[in-house]
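Hi,

Here's the structure I promised to pass on. My notes on what turned up are below it.

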Amino acid sequence: MQFYGFLLTAVLAAVLSSVSLALFSPFVTLRRISYLGEALSHIAFAGIAFALLLGWNLHWTTLVFVVLVSLAISWLAKRHKLAEANAITIFLSVSMALGIVLISLRNGYNFDLASYLFGNVLLVSQAELWQLGGLVTLNLAFIAGLYKELFYLSYNAEMAQFYRLPANLVNRLFMILLAANIVINLRAAGIILVSAQLILPASTAFNLVRRLDHAVLCSALLAIFAAVAGFALSWWLDLPTGASIVLLEFVLYLASLSWRGLAPK
Amino acid sequence: MIRIRGLSFSIDGLTILEDIDLEIAEGEFVAIIGPNGAGKSTLLKLVLGFLPLPSGSIEIDGVPHLDWLKQHPVGYLPQREEFDRRFPASALDLVLMGLAGDLPLGARFGERHRQRALQALRTTRTEALAKKPIGSLSGGELQRVFLARALVSDSKYLILDEPEASLDMPGTQSFFALLRELNQAGKTVITVSHDLQTLSEYCSFLVCLNRRLHCHTQTDLVNSEIMHKTFGEAVRIIEKDY
């Protein structure tokens with residue numbers, strides 16, 4: 001019985017993790033900021049190292065660290081007219097270096113780096129499962145509540161601001177929630193693989209549907225399918241779960257390319 | 001009325017605009033002309049609040065322009081709007097953008113908004129394109145849909161930055177004819193343009209700009225001396241006498 005409870009927790013973790021990232025996926029893809037998702041997940045590594053070194057709460061420390069760094073990137077890019085992509089690359093590399101140094105300072109500490117790099121749904125606790133559930137609810141509320149604003153922000157942020165939409169406010173909320181999604185998903189999805197789950201569902205969805213609201217729904221459904229099927233495959237074939245889910249999402253993406261090729265123009 | 005006083009603007013020490021004083025009365029069809037790099041688009045962007053105003057003042061209807069812009073929509077057609085051609089928006093979605101600022105945060109568009117957007121598309125003769133994805137529209141169709149977005153809020157000011165850029169000659173003529181109709185219906189139209197021949201036919205007021213203001217007067221009062229000052233000696237003036 002306990003075994004089935006453990007299995008159910010793991011499956012639910014895989015589904016909630018994939019769905020939370022998939023809900024954000026269409027906006028990340030349309031705004032072409034998937035590189036930011038990649039960077040924030042790596043920057044989170046330094047946040048994790050800080051939390052471990054100081055003995056602070058891992059999630060909150062990492063979340064605050066990632067949000068502060070993402071704001072610093074925007075500030076540096078604006079203040080010093082540095083291309084944002086360059087600023088992100090600098091922070092990504094420096095954060096990884098900082099994380100490695102900080103972890104090395106904790107001599108003798110047994111840190112399971114691999115589980116954070118690649119994710120492991122089997123290690124997700126009940127408390128973390130509730131966090132993932134809360135995150136999915138928050139994402140749904142955010143997207144449903146500010147759909148119009150997110151739609152035009154994704155179209156063109158400058159013109160959205162011109163047409164008196166609070167583009168800066170919505171963008172800041174978006175960035176904070178994106179950071180929260182990445183940090184809370186690190187345990188389940190992993191630093192390396194989290195960004196794949198931010199890009200693939202929407203890339204597939206946009207090959208199948210033509211409206212943004214349909215793409216959000218389609219991304220979520222694809223993510224549920226990939227999470228359940230990927231988990232089952234990994235269980236039966238004894239493969240890493242996160243990697244199996246990502247590979248399955250990629251197969252779905254390839255299939256959607258063929259569908260787009262066949263679909264009427 | 002738009003009133004600009006003592007406006008100067010520079011980027012990295014390079015002067016783009018210098019000591020501009022300009023008044024644009026309501027109901028005019030204004031053309032801002034000048035060579036490339038004269039500061040025409042910069043002037044529009046300053047008026048529209050896209051760029052911060054380092055010196056001088058801009059007032060719209062007697063109110064500082066940023067305060068006015070917070071309270072009022074203004075119709076604007078940019079020279080080039082950055083967007084992904086595959087973005088999943090229809091022409092109607094694009095026009096509704098012009099009304100988005102009228103709604104509270106989070107509120108959805110209603111039937112009333114959709115009818116207004118369709119009316120704007122009707123005005124620019126693009127109603128049939130309402131449901132088409134924006135990526136499937138031609139340059140001319142897209143320009144008219146952008147114009148519908150500029151019109152939907154019913155602002156009395158319509159500001160356009162080189163609207164003929166993506167249009168062929170017949171397209172430019174019919175576009176400016178439409179602008180004239182809108183001007184005659186009461187809109188103040190301000191357009192940056194390079195097409196002097198079309199402008200002389202449609203515009204009532206000319207602003208000659210080349211870093212400094214060389215003229216701001218009725219179109220028929222502009223002479224070859226002013227044009228030489230604006231464009232330099234390289235320009236060849238062909239005067240027409242109808």
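Searching the whole structure for disulfides over all chains gives 0, a disulfide being a pair of cysteine sulfur atoms within 2.5 Å. Take Cys203(B): the nearest cysteine sulfur belongs to Cys208(B) and sits 11 Å away. Cys203(B) is buried at 7% relative accessible area (buried is under 20%, exposed over 50%, partly exposed in between, with a 1.4 Å probe and protein chains only).

Before you dig in: this is a predicted model, where local features need pLDDT of at least 70, side-chain atom pairs need 80 or more, and totals for chains, interfaces and linings use all residues. Residues count from 1 along each chain as written, chains are lettered from A and ligands numbered from 1 in written order, and side-chain values use heavy atoms, leaving out hydrogens and water.

Glu26(B) and Lys156(B) pair at 3.1 Å, linking parts of the chain 130 residues apart. Both ends are partly exposed, Glu26(B) at 46% and Lys156(B) at 32%. Arg3(B), Arg5(B), Glu23(B) and Glu59(B) are linked in a salt-bridge network.

Last, a hairpin: S1(B) and S2(B) have 2 residues between them, and Asp12(B) in the turn has a positive phi of about 50°. These strands (DSSP E runs of at least two residues, numbered from the N terminus) pair antiparallel over 7 bridges; pairing takes at least two DSSP bridges.

Cheers

Key
Helix = DSSP H or I, 4+ residues; strand = E, 2+ residues; numbered from the N terminus. Salt bridge = Lys/Arg side-chain N within 4 Å of Asp/Glu carboxyl O.
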